[in-house]
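Trainee: I'd like to learn how to read a model like this one. Could you walk me through the features?

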Amino acid sequence: HTLPEILRVGVEDLVLNILLLDLGEPHCFLGKAINPPSGLAMKNSLTVLEQLGAIDCKWEEDASLPESCADLKVSVELTALGFHLATLPVEPRIGKILIYGSVLGCIDSALTIAASMSTKNIFVSSFEMRDEANKSRQKLSVDCSDHLTIVNAYNTWREIRHHSGNKSANKMLRDKCMNRLSVIQIGELRKQYRKQLVEIGFLPPSFVLPNQGILEKDD
């Protein structure tokens, strides 16, 4: 039998939902599970959320690392950001990108970055074509940033498809050694994330993403 999921992945989402539903201290609540996470795993998840600004933790000075998460000596409170992250059905890191993108007025790029973090790398190449692929990608590179490079690559593909059709867009993907399936998945995830932001009130229902004169609408 494989290990239960609660023992294989982080419990950041669970922590936020436990706090949102006011079920008590997350480590105490999860400590009652049939297979509770370890004390280290629980502390790591709380630390990640604390660094994201989703929770406030008050650790006791003599808090050592116990084997069981139920024995952790910490008090946890949900922040305003954590409340909104808990209402988004996405991983907290991705949720923070979406929320900050909405607040700071760069939601188009934020949607693409968030979607790319949930898919496979859009750039692919065989070992033999590695040098040629790197040269092609350099033309799309933006300020030595992988995330902004992906945004530029996606926007370029979307604009070519809009103005010249799928044939030209597919040629661009081949020339730049880009994975067509990953690019399509980014487009679908962008729509999902935009809908979720509308549902929690961070975007108006009538919101449409403009991009260089291109209006991206739901199918």
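Mentor: Let's start with burial: buried means under 20% relative accessible area, exposed over 50%, and partly exposed in between, with a 1.4 Å probe and protein chains only. Asp 175, at 39% relative accessibility, therefore counts as partly exposed. Before we go on, this is a predicted model, where local features need pLDDT of at least 70 and side-chain atom pairs count only at pLDDT 80 or more, while totals for chains, interfaces and linings use all residues. Residues are numbered from 1 along each chain as its sequence is written, and side-chain values use heavy atoms, with hydrogens and water left out.

Trainee: How many helices and strands are there in the protein?

Mentor: Helices (H or I, at least four residues) and strands (E, at least two) are DSSP runs, numbered from the N terminus. Here you have 11 helices and 4 strands. Of the 219 residues, 39% are buried.

Trainee: What about the accessible surface of the protein?

Mentor: Accessible areas come from the Shrake-Rupley method with a 1.4 Å probe, and for residues only the protein chains shown count as cover. The protein's accessible surface comes to about 12700 Å², with 52% of that belonging to carbon and sulfur atoms.

Trainee: And what share of the contacts is between residues 24 or more positions apart?

Mentor: Contact means heavy atoms within 4.5 Å. Among contacts in the protein with a separation of 6 or more, 63% are between residues 24 or more positions apart.

Trainee: Which residues of α4 are buried, and what covers them?

Mentor: The buried ones are Gly 39, Met 42, Ser 45, Leu 46, Val 48, Leu 49 and Leu 52. Their cover includes the helices α2 (12–20), α3 (26–30), α5 (80–87) and α6 (92–103), along with β1 (55–59) and β2 (74–78).

Trainee: Which residues does Arg 93 contact, leaving aside its neighbours within four places in sequence?

Mentor: Val 48 and Leu 52.

Trainee: What is a salt bridge, then, and where does Arg 93 come in?

Mentor: Side chains of opposite charge can pair when their charged atoms come close. The rule used here asks for a side-chain nitrogen of Lys or Arg within 4 Å of a carboxyl oxygen of Asp or Glu. By this rule there are 5 salt bridges. One of them joins the side chains of Glu 91 and Arg 93, at 2.7 Å from N to O. Glu 91 is partly exposed, with a relative accessible area of 26%, and Arg 93 is partly exposed at 38%.

Trainee: How far apart are the closest N and O atoms of Arg 158 and Asp 108?

Mentor: They are 3.4 Å apart, in a salt bridge. This pair links distant parts of the chain, with Arg 158 in helix α9 (residues 146–164) and Asp 108 in helix α7 (residues 107–116), 50 residues apart. Arg 158 is buried, with a relative accessible area of 4%, and Asp 108 is buried too, at 14%.

Trainee: Which residue does Lys 171 meet in a salt bridge?

Mentor: Asp 175, at 2.8 Å from N to O. Both lie in helix α10 (residues 166–175), 4 residues apart, which is about one turn of the helix. Lys 171 counts as partly exposed because its relative accessibility is 46%. Elsewhere, salt bridges that share partners join Asp 108, Arg 158 and Arg 190 into one network.

Trainee: Last one: is Ser 182 buried or exposed?

Mentor: Buried, at 2% relative accessibility. Ser 182 lies in helix α11 (residues 180–199). Leaving aside neighbours within four places in sequence, Ser 182 is in contact with Thr 119, Lys 120, Asn 121 and Ile 122.
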